[in-house]
Structures are given as C-alpha cells and as structure tokens.
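Okay, thanks for coming, everyone. Let me put the model up and walk you through a few spots in it.

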Amino acid sequence: MRGSRGSDLGSRAQGVAVGGVALFWLVSLVAGSLVPGYSVRGDYVSSLAGRGSSVAVFGIVAIAALGVAHLGAAAAGRGVVAVPLALAGLSGLTIAAFRTACPLGAAGCGTAPNDAPPDLAGTVHVLAVVGYEIALVAAMVVVAVRLVRTRPLAAALTVAAAVASVVLALNIGGPDLGAWQRAWLVVNTAWLVVAVTRLR
C-alpha cells in the first residue's frame with residue numbers, strides 16, 4: 001500500500017514538472033506574440049511579466065509555472081537532489097514575484113529608452129535568476145555523481161547540460177539576449193524533463 005501511494009505521488013509530481021515546463025513555454029510564446037515589437041531574439045522572457053507590460057499576468061503565470069515545475073521535480077526526486085531542485089523552484093517563484101520595471105512595455109525592456117533605474121524589486125529579480133542557475137547546476141552535478149557508475153553516458157550528458165547552461169547564461173546580453181536566454185532555458189527545461197521522466 002505504501003509503495004503504491006508513493007508511486008502515485010511520484011507520478012503526480014512528475015506530471016507537475018512536465019506540465020509546468022510545457023505551460024511555461026506555451027504561455028510565454030503566446031504572450032510574446034501579443035506584444036507589438038516584442039522580439040523572441042532580442043527581449044527577455046521576464047520582460048513579459050515586467051511592471052508596465054501589457055501582458056504581465058501571462059508573463060507572471062509563465063514564470064511561476066517554471067518555478068512550480070522545479071518544485072514538482074523536487075517532489076519527484078529522491079535524496080539530496082530534491083534540495084537544489086526545490087531551491088531552483090523557489091527562485092523561479094521569486095523571479096515571478098519580484099518583477100523588473102518596464103516603463104514603456106515589454107518590448108525592449110531593460111535597454112534604452114525602456115530602462116528604469118535599479119530598484120529593490122529589480123535587484124531581487126536578478127539575484128533570484130542567479131540563485132536559480134546555481135541551484136539547478138548543483139542539481140545537475142548531484143545527478144551526474146549519482147549516475148556516474150551505473151549510467152555513465154547519462155552522467156556525461158548531464159555534465160554537458162550543466163556546462164552548456166553555465167556557458168549560455170554567461171553569454172546572455174547584447175542585441176541577441178533573448179535568443180541566448182531562450183537557448184539557456186531550453187537546456188535547463190529539457191534537462192529537467194529528462195531528469196524526471198528518464199533519470200529517476
């Protein structure tokens with residue numbers, strides 16, 4: 001009975017993780033298409049949720065869904081890996097709650113002239129993004145260490161995902177910042193889905 005209950009809870013948590021990732025991508029892409037001048041290549045995802053965005057509700061829902069996805073993965077995980085996954089999830093929810101200022105709307109937010117002076121919410125937002133990356137890479141490392149003896153190929157691919165995540169995160173900026181950020185998010189969310197569906 002206990003084994004069945006645990007299996008049911010694990011399956012539900014896995015569904016939350018996969019569903020949260022799917023909801024994040026769906027809502028963020030739809031929201032971006034609703035904003036005149038918004039560029040997937042040139043604008044941040046979090047600009048959709050920014051203070052001043054016409055689609056802020058959708059942006060908040062998308063980013064919160066990503067945070068919930070990581071919490072679902074933490075619930076589905078076993079052992080110490082649940083800790084960094086939960087921290088990544090909490091960081092995601094913090095990113096959704098502490099929104100950047102976009103005085104002229106989501107398009108071009110963070111670059112002149114649609115740039116606002118740093119404030120508390122914006123600072124917390126940036127720190128939460130950094131915390132999210134550190135926590136998720138830590139989760140990847142834990143999984144790689146766990147798999148290195150029994151599934152060396154899966155461990156190597158997890159290490160590659162961690163390296164790619166860091167490299168892409170460090171390159172977010174310039175005129176193609178949206179493309180770099182989305183490539184980073186593709187790596188992170190793809191790894192999360194694989195981790196909860198194939199590496200449990």
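So, cysteine 102 and cysteine 109: both of them are buried. Keep in mind that this is a predicted model. Which hand does it have? The torsion about the S-S bond is about -85°, so this disulfide is left-handed.

Now, who touches cysteine 102? One of its neighbours is arginine 51, which has contacts with Arg99, Thr100, Ala101, Cys102 and Pro103, and also with Asp119, Ala121 and Gly122. You'll find arginine 51 in the loop that runs between α1 (2-33) and α2 (56-76). For a sense of scale, take arginine 51 and alanine 154: they are 103 residues apart in sequence, and their C-alpha atoms are 41 Å apart in space.

Last stop, helix α6, residues 177-198. With 22 residues at 1.5 Å a residue, α6 should span 32 Å, and its end C-alpha atoms are 31 Å apart, so the two agree. Which residues of α6 are buried? Among them are Leu177, Gln181, Trp184, Leu185, Asn188, Trp191, Leu192 and Ala195. When you look at that spacing, remember that an α-helix has 3.6 residues a turn, so residues three or four places apart point the same way.

Terms used:
Residues numbered from 1 in each chain as written. Predicted model: local features only at pLDDT ≥ 70, side-chain atom pairs only at ≥ 80, totals over all residues. Heavy atoms only, no water. Helix = DSSP H or I, 4+ residues; strand = E, 2+ residues; numbered from the N terminus. Contact = heavy atoms within 4.5 Å. Expected span 1.5 Å × (residues − 1). Buried < 20%, exposed > 50% of the residue type's maximum accessible area, 1.4 Å probe, protein only. Disulfide = S-S within 2.5 Å.
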